[in-house]
Amino acid sequence: MRKAERALMSLTDKAGCEEFALALTALGLELLSTGGTASALRKAGVPVVDVSDFTGFPEMLDGRVKTLHPRVHGGILHQRANPGHVAKCREHGIVPIDIVAVNLYAFSRTVQNPECTLSEAIENIDIGGPTLLRAAAKNFQDVTVIVEPTDYELVLAELRNYGNTTLVTRFRLAQKVFALTSSYDTAISAWLRKIDPLTNTYFKGDAGA
């Protein structure tokens, strides 16, 4: 079993993230992170590499573009047993990202506020998060994806025992991702169908729905 080398953490729900990150570094993994997650980890004394330093490209557009970069997605999506993938990554300086721990902007909670504007709702539609999650879940043969803090201990136990997670665990965690992203997109679609974009109000009959 190939040993996990690197993890990416970008979290809205930071419950347990410091302890998880400290345990990962104790196991020898390099940690990559963004924004508020990186700040929280540094405050807890966790050594972390900003994704912008990892990619050589700054966060931009008020944080809309952070992780959408070939060094990130190539590191997640390349198949470790595919010689062509490995050679292409080596050619372009892409290194493996073996663990992806991400949870999403709280869109549903945001739009529950009756004062929520259309622009606020739009800014709480996560783009990078679902993209990272779907990439990691698609490549579950090689990558561990975590969307719930309750799975941290399972992942740590397998890392301690085997140096990586088992295929069965990676597959089950990938299943959670596609269930989550499906429900996330459904919530966004359902809310947007209620809104008149010209007046930023609910269509008649939908107020309070």
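Let me begin with a term: by contact, or touching, I mean heavy atoms within 4.5 Å. What we have here is a predicted model, in which local features need pLDDT of at least 70 and side-chain atom pairs count only at pLDDT 80 or more, while totals for chains, interfaces and linings use all residues. Residues are numbered from 1 along each chain as its sequence is written, and side-chain values use heavy atoms, with hydrogens and water left out.

With that in place, take M9, which, not counting residues up to four places away in sequence, touches C17, F20, A21, L24, L31, L32, S33, T34, T37, L41 and A101. M9 is also, together with F20, L24 and I76, among the residues that touch the most other members of the largest nonpolar core, which has 53 residues. By a nonpolar core I mean a set of buried Ala, Val, Leu, Ile, Met, Phe, Trp, Tyr and Cys residues joined through side-chain atoms within 4.5 Å, where buried means under 20% relative accessible area, exposed over 50%, and partly exposed in between, with a 1.4 Å probe and protein chains only. Helix α10, residues 167-193, gives the most to this core, with six residues.

Five strands form an open sheet in the order β3-β2-β1-β4-β5, with parallel pairing, two strands being paired if DSSP finds at least two bridges between them. At the edges stand β3 and β5 (144-146), each with a single partner strand, so one side of each is left without a neighbour in the sheet. Strand β4, residues 99-102, pairs with β1 in the parallel sense over four bridges; in these, I99 is the bridge partner of A7, and V102 that of S10. Three bridges join β4 to β5, again running parallel, and V100 stands opposite V145 in β5. In a regular strand the side chains alternate between the two faces of the sheet. In β4, I99 and A101 point one way and V100 and V102 the other way, and all are buried.

Which residues of helix α2 are buried? In α2, residues 35-43, they are T37, A38, A40 and L41. Seen down the axis of α2, these buried residues fall within an arc of 165°, so they line one face of the helix; the arc is that of the directions from the helix axis to the C-beta atoms. They pack against β1 (6-10), α1 (17-26), β2 (30-33) and β3 (49-50). After α2 comes G45, whose phi is positive, near 85°.

Helix α1 packs with helix α9, residues 152-162, at an angle of about 10°, their axes being 11 Å apart. That makes α1 roughly parallel to α9, a term for angles under 35 degrees, with over 145 counted as roughly antiparallel, 65 to 115 as roughly perpendicular and the rest as oblique. Axes here are lines fitted to C-alpha atoms, for helices over the stretch in contact, and angles run from 0 to 180 degrees between N-to-C directions. The contact is made by C17, F20, A23 and L24 of α1 and by Y152, V155, L156, L159 and R160 of α9.

Finally, two single residues. H73, in helix α4 (residues 70-77), is buried, with a relative accessible area of 12%. V86, in helix α5 (residues 83-91), counts as partly exposed at 25% relative accessibility.

Definitions and conventions
Helices (H or I, at least four residues) and strands (E, at least two) are DSSP runs, numbered from the N terminus.
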